[in-house]
Amino acid sequence: MIRIMIGYGIAIAALAGSAAWAQDASPVGLWKTIDDETGKPKSLVRITDNGGELRGRIEKLFPEAGAEPNPKCDKCEDARKDQPIVGMTIITGMKKDGNEYNGGQILDPGNGKVYKSKMSLNDGGKKLDVRGYIGVPMLGRTQTWVRAE
């Protein structure tokens, strides 16, 4: 009987520890972006916390066969125009808002457009849903990124 109670105690402690970790999980870290249309990896993005504001920078691209290995953002319309995509900051202004991160913007280097954005962690912090939208979140699309580290 004592062994059973100890086993239950260990199981409860493990569950409580994992639940606490999930609550404390943060998008800070390295993420593999997955194209929502093809399902293929596109890049590695490092998200950092700068005084409560999350920012994301592209560290690596996974170009398709025959594609330019180090492309520039020729469709960007701001200071990033014609700059290399690797090293480019594509997420800015994201701030924690309950269980989500809101108020930021995300650049799609493929079309040069900047969208409003929000993010939320899933699967115990192993996945990140990143939504880019125009106007209201209903008018947008979501990519699910996978934690790479």
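## Thr-33 and strand E1

Thr-33 lies in strand E1, which spans residues 29-34. Helices (H or I, at least four residues) and strands (E, at least two) are DSSP runs, numbered from the N terminus. Thr-33 has a relative accessible area of 4% and so counts as buried; the cut-offs are under 20% for buried, over 50% for exposed and partly exposed in between, with a 1.4 Å probe and protein chains only. Thr-33 and Val-146 are separated by 113 residues in sequence, yet their C-alpha atoms are 6.7 Å apart in space.

A word on the model itself: it is predicted, so local features need pLDDT of at least 70 and side-chain atom pairs count only at pLDDT 80 or more, while totals for chains, interfaces and linings use all residues. Residues are numbered from 1 along each chain as its sequence is written, and side-chain values use heavy atoms, leaving out hydrogens and water.

## The chain and its barrel

The protein chain holds one helix and eight strands, in the order α-β-β-β-β-β-β-β-β from the N terminus on. Of its 149 residues, 31% are buried.

The eight strands form a closed barrel, E1-E2-E3-E4-E5-E6-E7-E8, with antiparallel pairing. From one strand to the next, the twist averages 30 degrees; the axes are lines fitted to C-alpha atoms (for helices, over the stretch in contact), and angles run from 0 to 180 degrees between N-to-C directions. Two strands pair if DSSP finds at least two bridges between them. As one example, strand E4 (residues 89-97) and strand E5 (residues 100-108) run antiparallel and are joined by five bridges. Ile-91 has Ile-106 in E5 as its bridge partner.

## The largest pocket

Of the 38 residues in its lining, Asp-35, Lys-42, Asp-108, Pro-109 and Gly-110 are the closest to its centre. A pocket here is an open set of points on a 1 Å grid over the protein atoms alone, where a 1.4 Å probe fits, with protein on both sides within 12 Å along at least five of seven lines; lining residues have an atom within 4 Å of a point.

By class, the lining has 19 nonpolar, eight polar and 11 charged residues. Nonpolar covers Ala, Val, Leu, Ile, Met, Phe, Trp, Tyr, Cys and Pro, charged covers Asp, Glu, Lys and Arg, and the others, Gly among them, are polar.

## The disulfide

The structure holds one disulfide, a pair of cysteine sulfur atoms within 2.5 Å. Cys-73 and Cys-76 form this link, with their sulfur atoms 1.9 Å apart. The link is right-handed, with 75 degrees about the S-S bond. Both Cys-73 and Cys-76 are buried.

## Two positive phi values

Most residues other than glycine have a negative phi. Asp-82 is not a glycine, yet its phi is positive, at about 65 degrees. Asp-82 sits in the loop between E3 and E4 and is partly exposed, at 42% relative accessibility.

Asp-123 also has a positive phi, near 55 degrees. The loop between strand E6 (113-122) and E7 holds Asp-123, and its relative accessible area of 48% makes this residue partly exposed.
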